Amino acid sequence: MKLFSRSSVDVHISQEMVSAFLDGALSTKEMSQVDLHMASCEVCAQDANELRSVISVLGAMPTVPAPRSFAIPVPARAWVPEPSRPWWSPAPLMGLRAAAAGAAIALAIVFAGDLSGGFGSSPDVPIQVGRTEPAPIITSGTPAGAEKSLPLGEDIVVDGGTSAAVEVTADTLGSADIQPSLVVDDGFLLGLWPLELGLLLLTVALGGFNFVLRRRSSSR
Amino acid sequence: MDEQTLLQASKNGDAEAYNSLVLQYQTPIYNVALRMVGETAVAEDITQETFVSAYRALHTFAAGNFRAWLFRIATNACRDHLRSAHVRRNSSLDALVENPTFSVSSNEESPEDYVVRRELSGFIQESLTRLPEDQRVVLILVDIQAFSYEEAAQILKTPVGTVKSRLSRAREAMRATLSTQRELLPGQFRSG
């Protein structure tokens with residue numbers, strides 16, 4: 001930085017130097033040189049005074065309060081990681097509820113099918129006709145001559161889905177009527193009970209679990 | 001919490017911590033913007049833009065002077081605004097005088113003094129807006145916001161020597177402008 005600038009005939013301190021001098025931004029040596037010059041130069045002293053006034057006026061400019069808060073709006077927080085949800089929060093509960101309902105429906109279907117004998121390939125009521133006899137001829141409620149043949153081992157389905165077994169013996173052969181005796185066929189039930197029991201336990205377990213978690217979730 | 005703690009929390013996504021920094025700096029940032037552009041509504045926009053931009057760019061701020069970094073964003077936003085095609089280069093002095101931001105008053109002040117001071121504020125603001133941008137920003141940072149030469153150089157990313165020379169020219173221009181309205185100036189200036 002040039003210390004002095006030449007104006008017409010006199011040598012004066014440069015504007016930049018006066019400015020820095022007023023801010024105390026000169027070296028010690030430069031400060032003393034400027035001080036010395038100003039003591040003898042009215043022009044430079046006047047310059048310095050006017051510039052000091054400018055700085056003073058600018059520094060006295062009032063600080064204008066912020067008209068409002070410039071805090072960032074709430075949506076800007078969207079990227080902040082959300083707190084982790086407990087595993088029993090509503091979304092997983094929905095799946096659990098659906099699983100319990102599915103198990104209950106499956107149980108109902110299996111049980112209803114079991115009771116009604118609705119599973120196609122299974123025998124409804126096994127009627128063993130003349131286990132040791134050759135193929136008998138059964139006449140059931142029909143006049144003699146209106147015969148109905150029944151091969152050995154073939155089943156008869158009794159109306160109403162009731163399981164019935166008609167035992168045809170030599171005594172009954174040739175009689176006018178056959179009196180069916182109702183017996184519960186536990187052979188089929190024995191085949192499905194593990195499935196039914198499993199579904200029942202699953203339904204109860206899922207339902208109970210769901211109930212407990214819902215209570216925990218609602219208490220939070 | 002100190003600034004570094006707030007800054008670190010802000011970087012980790014703590015919006016509340018960042019808003020604490022906003023509250024700390026919003027007034028000086030707003031004042032720099034207001035002195036640069038001379039319009040309150042625009043200054044508000046620039047201030048908001050500054051804090052939003054800084055928030056988005058926080059991850060790029062590694063270390064150093066956060067204040068200088070924030071003011072650099074603000075001054076750049078002011079310059080962008082001033083350079084845009086839609087800006088009115090010259091603000092109306094009447095509008096500035098009517099501006100409520102210059103109606104600061106005190107109980108000891110007489111009505112006459114209040115009017116003179118308000119006119120002076122408006123006149124200074126008008127003079128500021130007529131300065132070249134590079135001089136204006138230095139004058140605002142050093143003489144109004146009281147930044148050091150070094151900090152102003154850091155904000156403006158220029159050498160300290162450049163700050164000194166621009167400041168000198170800006171002061172000289174202000175002196176020339178203010179000398180035409182001596183009746184508004186303090187007695188010390190009028191005696192010159």
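Student: At what angle do helix 3 of chain A and helix 7 of chain B pack, and how is that arrangement classed?
Tutor: This is a predicted model, in which local features need pLDDT of at least 70, side-chain atom pairs count only at pLDDT 80 or more, and totals for chains, interfaces and linings use all residues. Residues are numbered from 1 along each chain as its sequence is written, and chains are lettered from A and ligands numbered from 1 in the order in which they are written. Helices are DSSP runs (H or I, at least four residues) numbered from the N terminus; axes are lines fitted to C-alpha atoms over the stretch in contact, with angles from 0 to 180 degrees between N-to-C directions. The axes of helix 3 (residues 42-59) of chain A and helix 7 (residues 133-144) of chain B lie 9 Å apart at about 80°, which makes the pair roughly perpendicular (65 to 115 degrees).

Student: Which residues of helix 7 of chain B make this contact?
Tutor: Contact requires C-beta atoms, placed from the backbone, within 7 Å. Helix 3 of chain A contributes A:Ile55, A:Leu58 and A:Gly59. On helix 7 of chain B, the residues are B:Leu139, B:Asp143 and B:Ile144.

Student: Which helix gives the largest share of the side of chain B that touches chain A?
Tutor: In total, 40 residues of chain B are in contact with 30 residues of chain A. Elements giving two or more residues to the chain B side include helix 6 and helix 9 (160-178). The largest share, ten residues, comes from helix 2 of chain B.

Conventions: Parallel < 35°, antiparallel > 145°, perpendicular 65-115°, else oblique. Contact = placed C-beta atoms within 7 Å.
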